[in-house]
Amino acid sequence: MLPHAPLVEVAGRLVVLGDPTHVVKDGGRMPGVVSLRETSETQSKPDYFRGQCWGAVGLLVGSLSACFCLPLSLQLHQGFRHLGEEDTHDPALKLGTRVVQMALSFALGNDRPVWLVLDAFFATASVFRLARSVWSVALQQPLVQVITRAKKNYVAYFPAPPKPPGKRGRQRQYGMKLVLWEAFDHDDFFRDVTLCIYGKEEQVRLMSPILWWKPLGQPLQFVWAVTP
């Protein structure tokens with residue numbers, strides 16, 4: 001499929017989109033049906049319902065100005081006991097990391113590095129840790145790089161300043177704390193860039209430092225964007 005498809009590539013990586021979806025099912029004895037909690041912000045939906053949880057990944061094809069998501073894989077992520085089968089997933093993996101595992105399988109099977117674009121549900125340490133577990137020797141980077149939206153209550157830390165010579169103890173890892181949402185109040189930290197958004201060129205203000213994130217225990221690149 002890949003040699004014949006007009007693939008969207010960014011910085012030498014394919015672009016893969018991933019997301020879980022909940023399908024409401026009324027059948028009391030239907031295989032794979034479990035009790036699910038609604039995580040969307042839509043107020044009209046019930047908090048809990050019976051249904052199936054599916055995970056999906058798709059590949060971006062076409063061009064950045066006119067792209068289409070080509071479905072790659074769709075897997076049932078909960079309810080294996082109802083099917084009378086053992087859970088084929090690693091029980092240590094959480095629901096959010098199973099979509100990452102699907103993207104890793106695609107990248108390894110086709111030997112292509114990818115960007116994996118996810119929503120804020122996947123902004124967890126386990127997702128980044130799993131994505132960084134497979135390394136690309138050619139790129140000297142993880143085979144799968146995750147792009148997701150951070151939650152508003154997250155905090156990050158600047159690297160700690162060097163330890164003064166002669167001071168006892170090990171070097172500090174975390175420096176000044178930064179509440180991510182409050183970074184928008186510091187307008188002088190942003191730079192102006194011109195980006196193509198939905199086919200039109202627009203002026204966008206960006207800030208993209210590399211900060212330490214405590215849940216992961218490793219540095220991440222955070223991006224703030226202010227659009228017109």
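Before we start, one definition: contact means heavy atoms within 4.5 Å. Keep that in mind, and keep in mind too that what you see above is a predicted model.

Leaving aside neighbours within four places in sequence, R149 is in contact with L118, D119, A120 and A123. You can find R149 in the loop between β9, residues 144-147, and β10, residues 155-159. One more thing about R149: F222 is 73 residues away along the chain, yet the C-alpha atoms of the two are separated by 9.4 Å.

Now please turn to T97, which sits in helix α1, residues 95-110. T97 has a relative accessibility of 2%, and because buried means under 20%, T97 counts as buried. What does T97 touch, once we set aside its neighbours within four places in sequence? The contacts are S126, V127 and L130.

Two of those names bring us to helix α2, which covers residues 125-131 and also holds F128. Let's stay with F128 and talk about rings. A pair of aromatic rings is described by the distance of the centres and the angle of the planes. There are 8 aromatic pairs in the structure. One of them is F128 with W213, with 6.0 Å from centre to centre and 80 degrees between the planes. That makes the pair edge-to-face, because planes over 60 degrees apart count that way. W213 lies in strand β14, residues 210-213, so this pair ties together parts that are 85 residues apart in sequence. Are these two partners buried or exposed? F128 is buried at 11% relative accessible area, and W213 is buried as well, at 5%.

K152 lies over the face of W181, at 4.9 Å from the ring centre. K214 has its charged end over the ring of Y174, and here the distance to the centre is 5.2 Å.

Next, a sheet. Strands of a sheet pair through backbone hydrogen bonds, either parallel or antiparallel. In what order do the 3 strands of this open sheet come? The order is β12-β13-β16, and the pairing is antiparallel. The edge strands are β12, residues 191-197, and β16, residues 224-226, each of which pairs on one side only. From one strand to the next, the twist averages 40 degrees. If you zoom in on β13, residues 200-207, you will find 3 bridges joining this strand to β16. Look at L206 for an example: its bridge partner in β16 is A225.

My last stop is V223, in the loop between β15, residues 218-221, and β16. With a relative accessibility of 57%, V223 counts as exposed.

Terms used:
Residues numbered from 1 in each chain as written. Predicted model: local features only at pLDDT ≥ 70, side-chain atom pairs only at ≥ 80, totals over all residues. Heavy atoms only, no water. Helix = DSSP H or I, 4+ residues; strand = E, 2+ residues; numbered from the N terminus. Buried < 20%, exposed > 50% of the residue type's maximum accessible area, 1.4 Å probe, protein only. Pairing = 2+ DSSP bridges. Axes fitted to C-alpha atoms, helices over the stretch in contact; angles between N-to-C directions. Phe/Tyr/Trp six-rings, centres within 6.5 Å; stacked < 30°, edge-to-face > 60°. Lys NZ or Arg CZ within 6 Å of the ring centre and 35° of its normal.
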